[in-house]
Amino acid sequence: MKAFCKNFIIFLIPFAIVCLIYTYFDPFKVIYHYDNYYEAQGEAYMTLNRDFVSSSNYENRYKKEAYNSFILGNSRSLFYEIEDWLPHLDKAKAYHFDASGETLYGIHKKIKYIDNRSKIENLLLILDHATLIQDEPKNTYLCYISPQLENNLGVKFQLNYLTTFFSPKFFLSYFDLKISKAYKPYMEVMGIDNRPMSYDEISNEIKFDYFENLILEEKYYTKDRMLVFHERTDSVSMPSIKKSQKKMLEDIADVLETHHTNVKIVINPLYDQIMLNSEDVSYLENLFGKKNVFDFSGINAMTQDYRNYYESSHYRPHIAREIIRVAYLKESYDISDCQD
């Protein structure tokens with residue numbers, strides 16, 4: 001029995017060491033408090049869970065900052081810059097509450113969470129089929145929903161990240177980065193990024209000005225980057241708003257009505273040119289008001305020109321800026337003006 005216990009303890013030692021290393025370095029920044037989640041990145045950095053960053057940063061600041069205006073959506077909503085939004089609002093203190101691969105489930109949780117803490121005077125809600133169809137939380141390490149939003153202790157949340165850290169590929173790539181201080185292409189699949197960006201911790205806004213500068217210098221659309229701009233076909237998405245989605249959207253509408261929120265809902269102009277199903281658009285218009293829903297999906301001048309995109313998933317800030325102008329000024333609109 002003593003021999004068994006001894007061997008068992010020896011067996012556990014490597015796991016204990018890895019747990020101590022994980023706790024010390026906190027590679028995903030999910031253990032300790034941070035005033036700035038993206039501080040001092042260097043040439044390469046861990047891609048963080050934006051759901052957790054957005055929720056934790058908001059939790060740290062909402063009492064002091066008194067936020068009253070919010071941008072919600074997936075990573076495409078990042079490019080709706082607050083400096084472009086504020087001129088259309090009255091005495092607003094705005095916050096980006098985005099999440100990578102955001103789900104309708106996550107948006108519903110966030111709005112219910114904000115409801116108990118801040119006024120919601122303005123809401124810019126960025127949607128597409130991929131967001132609307134997801135009525136459950138995602139189960140990938142960049143998209144785990146924050147414990148704050150689920151109102152639990154986050155034991156499963158923390159175990160998921162510890163398990164990810166135990167992955168040999170992740171462990172080796174992480175310490176390769178720590179030791180070499182240099183990004184290597186193989187690290188991308190492990191969630192290590194080297195894209196230069198700036199971050200404002202008050203608004204939780206990320207900007208990729210480096211890429212805009214490359215575009216201005218005509219150095220961005222290289223042969224390799226052009227490979228992602230595939231041929232498109234004229235198509236329409238399947239209906240995404242079913243019974244569970246309707247319940248969540250109705251809950252959201254009730255919260256916004258209580259706050260007398262000025263809400264604008266944008267359907268993303270995606271490069272794939274797949275039009276959001278008319279049933280979904282009609283439901284959103286009936287629930288939130290036709291004047292508050294702006295559908296830019298499908299084939300149009302925004303989606304025709306690849307220069308309006310960084311790659312096949314994310315459109316550039318000048319497109320978001322134009323969408324804001326249309327949504328808030330309600331000017332006569334010629335979509336051909338959106339060519340860059």
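The sections below treat the basis of the values, the pocket, the cavities and the helix contacts.

## Basis of the values

The model is predicted: local features need pLDDT of at least 70 and side-chain atom pairs count only at pLDDT 80 or more, while totals for chains, interfaces and linings use all residues. Residues are numbered from 1 along each chain as its sequence is written, and side-chain values use heavy atoms, with hydrogens and water left out.

## The largest pocket

A pocket is an open set of points on a 1 Å grid over the protein atoms alone, with protein on both sides within 12 Å along at least five of seven lines, and lining residues have an atom within 4 Å of a point. Points are joined across faces, edges and corners, and a volume is the space filled by probe spheres set on them.

The lining of the largest pocket comprises 36 residues, and T47, E188, D193, R195 and F208 lie nearest its centre. Two or more lining residues come from each of β1 (45–46), β5 (192–193), α9 (209–216) and α10 (223–226); these elements are DSSP runs numbered from the N terminus, with helices (H or I) of at least four residues and strands (E) of at least two. By class, this lining has 21 nonpolar, seven polar and eight charged residues (Ala, Val, Leu, Ile, Met, Phe, Trp, Tyr, Cys and Pro count as nonpolar, Asp, Glu, Lys and Arg as charged, and the others, Gly among them, as polar).

## Cavities

Two cavities of 30 Å³ or more are present; in a cavity, a 1.4 Å probe fits but cannot get out. The largest cavity has a volume of about 70 Å³. Its lining includes D51, E102, Y105, K138 and C143, and divides into five nonpolar, four polar and three charged residues.

The second largest cavity holds about 50 Å³. Among its lining residues are L78, F79, I206, F208, E212 and Y310, with β7 (205–207) and α9 each giving two or more. This lining has six nonpolar, no polar and four charged residues.

## Contacts of helix α4

The axes of α4 (residues 104–115) and α11 (residues 243–259) come within 10 Å and cross at roughly 25°. Axes are lines fitted to C-alpha atoms, for helices over the stretch in contact, and angles run from 0 to 180 degrees between N-to-C directions. The two helices, α4 and α11, are therefore roughly parallel (angles under 35 degrees). Their crossing is left-handed, meaning that the near helix is turned anticlockwise from the far one by less than a right angle, with clockwise giving a right-handed crossing. Residues in contact (heavy atoms within 4.5 Å) include L104, I107 and I111 of α4 and M248, I252 and V255 of α11. The α4–α11 contact has eight nonpolar, three polar and three charged residues.

Helix α2 (residues 50–65) packs with α4 at an angle of about 5°, with the axes 12 Å apart, and α2 and α4 are therefore roughly parallel. D51, S55, Y58 and E59 of α2 meet K110, Y113 and I114 of α4. This contact has three nonpolar, one polar and three charged residues.

## Contact of α11 with α12

Helices α11 and α12 (residues 278–288) pack at about 30° with their axes 10 Å apart, and the crossing is right-handed. The α11 side of the contact is formed by K246, L249, E250, I252, A253 and L256, and the α12 side by Y283, L284, L287 and F288. These residues divide into eight nonpolar, no polar and two charged.

Notes: Angles under 35 degrees count as roughly parallel, over 145 as roughly antiparallel, 65 to 115 as roughly perpendicular and the rest as oblique.
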